[in-house]
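Take each task on your own before you read its solution.

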Amino acid sequence: MTHRIGVVGGDGIGPEVTEQALAVLDALGVDYTAVEYDLGAKRYLLDGTVLPDEIMDEWRSLDAILLGAVGDPAPGLAAPAGLVERGILLRMRFELDQYINLRPFRLPPKADMEVIRENTEGAYAGEGGFLRKGTEHEIATQGSVNTRMGVERCVRFAFERAANTDRRQIHLVHKTNVLTYAGDLWRRTFDEVAEEYPQVSTGYDHIDAACIHFVERPQRYDVIVTDNLFGDILTDLGGAISGGVGFAASANLNPARTGPSMFEPVHGTAPDIVGQNKANPIAAIISAGLMLEFLGEDDAAARVAAACESPQRYRGTTEEIGQAVAQAAAQG
Ligand code: IPM
Ligand code: MN
């Protein structure tokens with residue numbers, strides 16, 4: 001069956017790395033059609049388009065979305081802060097109910113883990129506002145929204161993943177000693193779901209301690225489940241300790257499959273190296289591999305994963321690395 005894949009290259013190095021990810025799919029003979037969308041800060045600055053409702057509707061019928069990166073492509077071009085991040089990326093995650101952000105990190109023998117980040121709630125929900133803006137008495141609030149349903153489906157996904165793979169240990173990462181409401185909900189939900197999975201061992205770390213463990217002993221972790229904001233920060237650190245954020249891939253999953261899932265590198269638009277054939281496409285390629293896995297293309301997914309087993313070995317330009325991975329995957 002031909003997969004219909006929406007492709008949003010986006011800004012900065014986004015289109016360059018996405019092109020290489022698609023080249024790997026081509027080399028593997030994956031049966032797909034790409035539907036390209038010109039969206040991002042560049043597009044917004046050109047004609048004011050962020051994400052039209054018609055495109056959002058069209059996306060619902062796609063099989064998957066491959067995204068490069070969105071954000072202001074060059075200092076000084078200044079789209080309003082957060083406009084395309086909220087208007088494209090977060091809107092897509094929320095409206096397509098991509099409630100899991102799965103981010104694997106591998107750097108043998110140090111790290112081999114998956115961070116499962118809740119992807120539709122928490123501090124990202126957009127709850128809050130200003131009072132008396134611009135005055136001396138200005139107030140800004142930004143709440144963290146945690147629903148039992150949202151927390152539980154995320155925690156359940158993590159336990160299912162551990163139970164059905166050779167990963168056997170899950171840590172909840174939060175800040176229950178200070179965030180006593182949200183933390184309590186997460187902790188209770190985690191402990192209750194854990195009872196249904198006696199074969200999975202569990203642990204808990206505060207987010208600040210987890211940061212130390214990431215740097216000093218990442219072997220401690222197998223699967224981590226955490227909220228949206230902690231997961232955002234922890235996964236940049238995860239990239240940094242496993243060879244660099246250029247190797248960090250992610251899958252924004254709608255496990256219920258009521259809409260397409262979206263696959264994107266963890267890194268941003270890197271405007272400082274745009275157009276220089278310097279960006280590492282590995283994170284985008286591994287993300288495309290996660291997409292193949294989710295689409296049931298098991299052989300192609302396994303080939304990409306094997307070719308990216310020790311991604312540090314690939315050196316060269318964006319195109320050279322893309323070609324080398326494509327070749328390794330096709331032959332492997
Ligand atoms: C990420 C990014 C996004 C996030 C930004 C661009 C909105 O940092 O995918 O980690 O914070 O989720
Ligand atoms: Mn991030």
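**Exercise 1.** Find which residues line the largest cavity of this predicted model, and sort them by class.

*Solution.* 
Step 1: Pick out the lining, which is made up of Thr18, Ala21, Leu66, Leu67, Phe263, Glu264, Pro265, Ala284 and Ser287.
Step 2: Sort these residues by class, and you get six nonpolar, two polar and one charged.

**Exercise 2.** Work out which element gives the largest share of the lining of the largest cavity.

*Solution.* 
Step 1: List the elements that each supply at least two lining residues: helix H1 (14–27), strand E3 (64–69), strand E12 (261–265) and helix H9 (282–294).

**Exercise 3.** Now turn to ligand 1 and describe where ligand 1 sits and what surrounds it.

*Solution.* 
Step 1: Locate ligand 1, which sits in the second largest pocket.
Step 2: Name its neighbours: Glu85, Leu89, Arg93, Arg103, Arg117, Tyr124, Asp232 and Glu264.
Step 3: Class them, and you find two nonpolar, no polar and six charged residues.
Step 4: Ask which helix gives the most to this shell; helix H4 (residues 83–95) does, with three residues.

**Exercise 4.** Find how far oxygen atoms of ligand 1 lie from N or O atoms in the side chains of Tyr124 and Asp232.

*Solution.* 
Step 1: For Tyr124, the distance is 2.6 Å.
Step 2: For Asp232, the distance is 2.8 Å.
Step 3: Finish with the cover: the protein hides 78% of the 320 Å² of accessible area that ligand 1 has on its own.

Notes:
Residues are numbered from 1 along each chain as its sequence is written. Chains are lettered from A and ligands numbered from 1 in the order in which they are written. This is a predicted model: local features need pLDDT of at least 70, side-chain atom pairs count only at pLDDT 80 or more; totals for chains, interfaces and linings use all residues. Side-chain values use heavy atoms; hydrogens and water are left out. A residue is near a molecule or strand if one of its heavy atoms lies within 4 Å of it. A polar contact is a pair of N or O atoms within 3.5 Å; within protein, one must be able to donate a hydrogen and the other to accept it, and residues adjacent in sequence count only if both atoms are side-chain atoms. Accessible areas come from the Shrake-Rupley method with a 1.4 Å probe; for residues, only the protein chains shown count as cover. On a 1 Å grid over the protein atoms alone, a cavity is a set of points where a 1.4 Å probe fits but cannot get out, and a pocket is an open set with protein on both sides within 12 Å along at least five of seven lines; lining residues have an atom within 4 Å of a point. A molecule sits in a cavity or pocket if more than half of its atoms lie within 2 Å of its grid points. Helices (H or I, at least four residues) and strands (E, at least two) are DSSP runs, numbered from the N terminus. Ala, Val, Leu, Ile, Met, Phe, Trp, Tyr, Cys and Pro count as nonpolar, Asp, Glu, Lys and Arg as charged, and the others, Gly among them, as polar.
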